[in-house]
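I opened the model to look up a few things for my notebook. The entries follow in the order I checked them.

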Amino acid sequence: MAKNILLTGRPGCGKTTLIQKVLERYPDKAGGFYTCEIRQSGKRVGFEMITLDGQRGILAHVNTHSVYRVGKYGVDLTFLEDNGVGSLKGAIQDGLLVVIDEIGPMEIFSTVFQQAVIQALDSGSPVLATIVYRSDRFSETIKSRADVRLIEVRPDNRDVLIDRISNLLRG
């Protein structure tokens with residue numbers, strides 16, 4: 001049985017919400033991070049990263065000037081590498097459920113992050129992560145691992161997946 005559960009699906013299908021609902025069943029038993037949109041006047045202007053211990057930082061923003069860009073967003077790897085990766089390593093060290101939301105185009109600019117993802121997947125800790133739906137070399141390598149269970153999240157299945165994922169994590 002795969003100990004690493006990866007959720008994939010189109011943008012806006014509910015992957016992050018699904019992770020948050022699963023985490024409600026595991027208070028204080030998980031470490032890592034999730035991301036959320038930053039909105040101003042009803043428009044998305046960026047993405048914030050929040051570690052499960054409450055640290056917050058900007059991952060990408062329309063006003064960020066960076067050599068790393070995804071669409072209109074400049075990507076700042078500082079918080080990801082300093083805090084996000086640290087939260088993953090802490091979860092591994094403590095034997096907690098490792099939460100990675102997400103393994104996507106912004107995050108994989110960082111080789112430090114890529115190494116932390118591999119370390120988490122190779123560790124003894126279970127991993128619950130979201131991964132980009134479309135293909136790139138790094139994500140395809142991760143999706144094709146024998147120890148990964150890939151689950152597609154869609155609006156018509158996301159609510160029933162809460163119990164299914166919780167049961168998989170219990171083993």
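This is a predicted model: local features need pLDDT of at least 70, side-chain atom pairs count only at pLDDT 80 or more; totals for chains, interfaces and linings use all residues.

Leaving aside neighbours within four places in sequence, which residues is Thr64 in contact with? I found Arg69, Gly74, Val75 and Asp76. Contact here means heavy atoms within 4.5 Å.

Residues are numbered from 1 along each chain as its sequence is written, and side-chain values use heavy atoms, with hydrogens and water left out.

**Entry: the S4–S5 loop.** I placed Thr64 in the loop between S4 and S5. Helices (H or I, at least four residues) and strands (E, at least two) are DSSP runs, numbered from the N terminus. Thr64 is buried, because its relative accessible area is 18%. The cut-offs are under 20% for buried, over 50% for exposed and partly exposed in between, with a 1.4 Å probe and protein chains only. Val67 lies in the loop between S4 (56–61) and S5 (69–70). Val67 has 76% relative accessibility, so it counts as exposed. I then found Val67 in a nonpolar surface patch of about 290 Å², made with Tyr68 and Phe109. Such a patch takes residues with over 30% relative accessible area and no salt bridge, joining nonpolar side chains (Val, Leu, Ile, Met, Phe, Trp, Tyr) within 5 Å and like charges within 9 Å. Areas come from the Shrake-Rupley method with a 1.4 Å probe.

**Entry: the sheet.** I traced 9 strands in an open sheet of mixed pairing, in the order S5-S6-S4-S3-S2-S7-S8-S1-S9. S5 and S9 are at the edges with a single partner strand each, so one side of each has no neighbour in the sheet. Two strands pair if DSSP finds at least two bridges between them. S2 (residues 30–40) runs parallel to S7 (residues 97–103) over 4 bridges. S2 also pairs with S3 (residues 43–51), antiparallel, over 8 bridges. I checked Phe33 on both sides. Phe33 stands opposite Ile100 in S7, and its bridge partner in S3 is Thr51. The hairpin of S2 and S3 has 2 residues between the strands, and Ser41 there takes a positive phi near 55°. S1 and S8 run parallel, joined by 4 bridges. Ile5 has Leu128 as its bridge partner in S8.

**Entry: helix H5.** Which residues of H5 (residues 161–170) are buried? I listed Leu161, Ile162, Ile165, Ser166, Leu168 and Leu169. Down the axis of H5 they fall within an arc of 160°, so they line one face of the helix. That arc is taken from the directions from the helix axis to the C-beta atoms. These buried residues pack against S1 (4–8), H1 (15–23), S7, S8 (127–131) and S9 (148–152). Just after H5, Gly171 has a positive phi of about 80°.

**Entry: salt bridges.** I used a side-chain nitrogen of Lys or Arg within 4 Å of a carboxyl oxygen of Asp or Glu. The count is 8. Glu37 and Arg44 meet at 3.1 Å, N to O. Glu37 is partly exposed at 36% relative accessibility, and Arg44 is partly exposed at 33%. A network of salt bridges links Glu37, Arg39 and Arg44. Asp147 pairs with Arg145, the closest N and O atoms being 2.7 Å apart. Asp156 and Arg154 meet at 2.9 Å, N to O. Asp156 is exposed at 61%, while Arg154 is partly exposed at 33%.
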